[in-house]
Amino acid sequence: MIRDITIGQYYPANSIIHRLDPRVKLMGTLVFIITVFMIQDMMEFILATAALGICIWLSKVPLRYMLKGLKVIFIILIFTVLLNILLTPGRELFHFYFIRVTWEGIVLAAKTTMRLIYLIVGSTIMTLTTTPNHLTDGLEKALSPLKKIHFPVHELSMTMSIALRFIPILLEETDKIMKAQQARCADFESGNLIRRVKSLIPVLVPLFISAIRRANDLAMAMEARCYHGGAGRTKMKPLIYERRDKAGYFIIFAYLALWIVLKFVL
């Protein structure tokens, strides 16, 4: 299960999506998420599916690797589907004691599941094709107008960068701790769900100790290098829009315009 977490991971490849400016990918991901949560009919679903499929194909990231992240939220998906099916009022299809299944519940469960899956896959494309440095640089550059109202843009970007960098490190540390305890006859896979959760408690203590130690080392290293925030700092590789980035913006706004036509006109 630990190896199936893809959030914060970077998949190196030579694709047009990898070479895009991170600001373009942030804008595309934001537009896609907004449109996905407002999907109501089949034409909008087909448009979102086509856009997502083209992005996956252009990213050159294996679909199997990209879908691994869905295993982590499988229980959440099942729980969400059951709640929507059983608690949504409407035309009754099945009734057994207190269990009542409606057609509207099934439709709402399908839409909610689709939205969650598309949200995870769409966000995963951005993180798999963008290094943490480029992602935080793009976020800082995109939010730079907020500096005029004294919003801590650089601090927010730095916090995000550190968090993304710590995700694969902590996952690797968790895997090492679990393997070390399994070598000492610890069992993490047998029993019911509650027993499995209880068996993970001994993993949390050394994991928290390791995380605090790494955070302290990072803070001391930043202080030793006289880090005092983003005022006056320069970039080794500043972000500059190229022709492909302008084409990316054009495609994003074309997708948004087509979705608006399907949503409000047709």
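User: Why is E173 called buried?

Analyst: The relative accessible area of E173 is 18%. Buried means under 20% relative accessible area, exposed means over 50%, and partly exposed lies in between (1.4 Å probe, protein chains only). Since 18% is under 20%, E173 counts as buried. A word on the background: this is a predicted model, in which local features need pLDDT of at least 70 and side-chain atom pairs count only at pLDDT 80 or more, while totals for chains, interfaces and linings use all residues. Residues are numbered from 1 along each chain as its sequence is written, and side-chain values use heavy atoms, leaving out hydrogens and water.

User: What makes the meeting of E173 and R214 a salt bridge?

Analyst: The term asks for a side-chain nitrogen of Lys or Arg within 4 Å of a carboxyl oxygen of Asp or Glu. Between E173 and R214 the N to O value is 3.2 Å, so the pair passes the 4 Å limit. The partners sit in distant parts of the chain, E173 in helix α8 and R214 in helix α10 (residues 201–224), 41 residues apart. Helices here are DSSP runs of H or I with at least four residues, strands are runs of E with at least two, and both are numbered from the N terminus.

User: Why is R214 called partly exposed?

Analyst: The relative accessible area of R214 is 34%.

User: How many salt bridges are found in the whole structure?

Analyst: The search finds five. One of them joins R23 and D21, whose closest N and O atoms are 2.9 Å apart. Another joins K179 and D175, at 3.5 Å from N to O; both of these residues lie in helix α8, four residues apart, which is about one turn of the helix.

User: Are R23 and D21 buried or exposed?

Analyst: R23 has a relative accessibility of 10%, so R23 is buried. D21 has a relative accessible area of 4%, so D21 is buried too.

User: What do the cut-offs say about K179 and D175?

Analyst: K179, at 45% relative accessibility, is partly exposed. D175, at 19%, is under the 20% limit and therefore buried.

User: How do you know that the span of helix α6 agrees with what it should be?

Analyst: The expected span is 1.5 Å times one less than the number of residues. For the 26 residues of α6 (residues 103–128) that should be 38 Å, and the end C-alpha atoms are 37 Å apart, so the values agree. At the start of α6, a side-chain oxygen of T102 comes within 3.1 Å of the backbone nitrogen of G105. Helix α10 can be checked likewise: its 24 residues reach 35 Å from first C-alpha to last, close to the expected 34 Å.

User: Which residues touch the most other members of the largest nonpolar core?

Analyst: They are F32, A48, L52, M66 and Y118, in a core of 26 residues. A nonpolar core is a set of buried Ala, Val, Leu, Ile, Met, Phe, Trp, Tyr and Cys residues joined through side-chain atoms within 4.5 Å. Two or more residues come from each of α2 (22–36), α3 (42–59), α6 and α11 (243–265). A48, for example, touches F32, V36, I39, Y118 and Y255, not counting residues up to four places away in sequence.

User: Why does L262 count as buried?

Analyst: L262 has 13% relative accessibility, which is under 20%, so L262 is buried. This residue of helix α11 touches M43, E44 and L47, again not counting residues up to four places away in sequence. L262 and M43 are 219 residues apart in sequence, with their C-alpha atoms 7.2 Å apart in space.

Methods:
Polar contact = N/O pair within 3.5 Å; in protein donor to acceptor, adjacent residues only side chain to side chain. Contact = heavy atoms within 4.5 Å.
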